[in-house]
Amino acid sequence: MHADVIAIDGPAASGKSTVARRVAAALGRLYVDSGAVYRAVAWEVNRRGIDPRDARAVSAAAARISIATFAGGGAVRFKVGGIEPGDALRTEEVNAAVSPVAAVPAVRALVTGLLREMPRFGSLVVEGRDIGTAVFPEARAKFYLEASPEERARRRHAESRAAGLSVSAVRDSIGRRDRIDSSRTVAPLSVAPDATVIDTTALSIDEVTDRILKADGIRTLPRPDAGPAARER
Ligand code: CDP
């Protein structure tokens, strides 16, 4: 059975999160932020005093992390050790740790396994780096958002979560993650051959959302459990 997933991939600050949230709401699907799950693992690694670059220690930690998923408020959410981490995942400490942690195969296996179980909650819009390539290669529709590095740094700087950093420091931080995310051995950031690529540099969030919602057949994707009769309706 094909999972009923719309995949939205792309690098940091390409507009994925906001657009994916809006697309999910417009289509009555649940939103999934896969990056938040990687951030949660990095947060836990930091909290335990483990060096995020020590792949062996990170691997061992991944085996002991308990992440519980649940649906609520239009999204699939999760708790780590009973806590929903929220804004704690958006600090510069987590930004610095997340890409090396996400490059560790045991971490990718953990998060990919959790994501692949999420279709049990319903139809999904999942955003990330490897959703259309590695996690749900059979996704019903795939989009890849990109934007120039300057524009991405400007956007992230404008968000309150980058408060205190200069635009060039934000650009460096994003650039470091881009390099690690694109060069790792397991599931690097890359464009799925069947993805629709949207350059968002000169587009507003509304324009990008609109393009996705107007893509061929996106509003009429059949439900995964629908039989042939239901699909024809
Ligand atoms: O929101 P932002 O674009 O800054 O990043 P994010 O989506 O929260 O992802 C944070 C980090 O998690 C990325 O830089 C990747 O290292 C990792 N990630 C990944 O490896 N695979 C995914 N599907 C999603 C995120």
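Predicted model: local features only at pLDDT ≥ 70, side-chain atom pairs only at ≥ 80, totals over all residues.
**Entry 1: domains**

I began with how the protein chain is divided. The assignment gives domain 1 as 1-26 + 125-221, and domain 2 as 30-122. Domain 1 is therefore written as two stretches of chain, because the assignment places 30-122 in domain 2. I then looked up the spacing of the two centres, taken over C-alpha atoms, and found 18 Å.

**Entry 2: the interface**

I asked how many residues of each domain are in contact with the other. I noted 24 residues in domain 1 and 22 residues in domain 2. The area buried between domain 1 and domain 2 is about 1,900 Å². Carbon and sulfur atoms give 54% of that area.

Next I looked at the polar side of the interface. I found 10 residue pairs in polar contact across the interface of domain 1 and domain 2. I then checked which elements give two or more residues to the side of domain 1 that touches domain 2. They are α1 (16-27), β5 (124-128), α6 (131-135) and α8 (167-183). I sorted this side of domain 1 by class and wrote down 14 nonpolar, three polar and seven charged residues.

I also searched for salt bridges across the interface of domain 1 and domain 2, and the rule finds one. D130 forms a salt bridge with R108, and their closest N and O atoms are 2.9 Å apart.

**Entry 3: helix α4**

I turned to helix α4, residues 92-102, and asked why it counts as largely enclosed by the rest of the structure. Eight of its 11 residues are buried, so the helix is largely enclosed. I listed the buried residues of α4 as V94, N95, A97, V98, S99, P100, V101 and A102.

What do the buried residues of α4 pack against? I found α2 (34-47), α3 (55-62), α5 (105-117) and α8.

**Entry 4: residue A3**

Last, I looked up A3, which lies in the segment before β1 (5-9). Is A3 buried or exposed? I read a relative accessibility of 8% for A3, and the cut-off for buried is under 20%, so A3 counts as buried.

I then looked for what A3 touches, leaving out residues up to four places away in sequence. I noted P119, F136, E138 and R140. I also checked A3 against R120, which is 117 residues away along the chain. The C-alpha atoms of A3 and R120 are separated by 9.0 Å.

Notes. Residues numbered from 1 in each chain as written. Heavy atoms only, no water. Contact = heavy atoms within 4.5 Å. Buried area = accessible area lost by both parts, 1.4 Å probe. Salt bridge = Lys/Arg side-chain N within 4 Å of Asp/Glu carboxyl O. Polar contact = N/O pair within 3.5 Å; in protein donor to acceptor, adjacent residues only side chain to side chain. Helix = DSSP H or I, 4+ residues; strand = E, 2+ residues; numbered from the N terminus. Nonpolar A, V, L, I, M, F, W, Y, C, P; charged D, E, K, R; others polar. Buried < 20%, exposed > 50% of the residue type's maximum accessible area, 1.4 Å probe, protein only.
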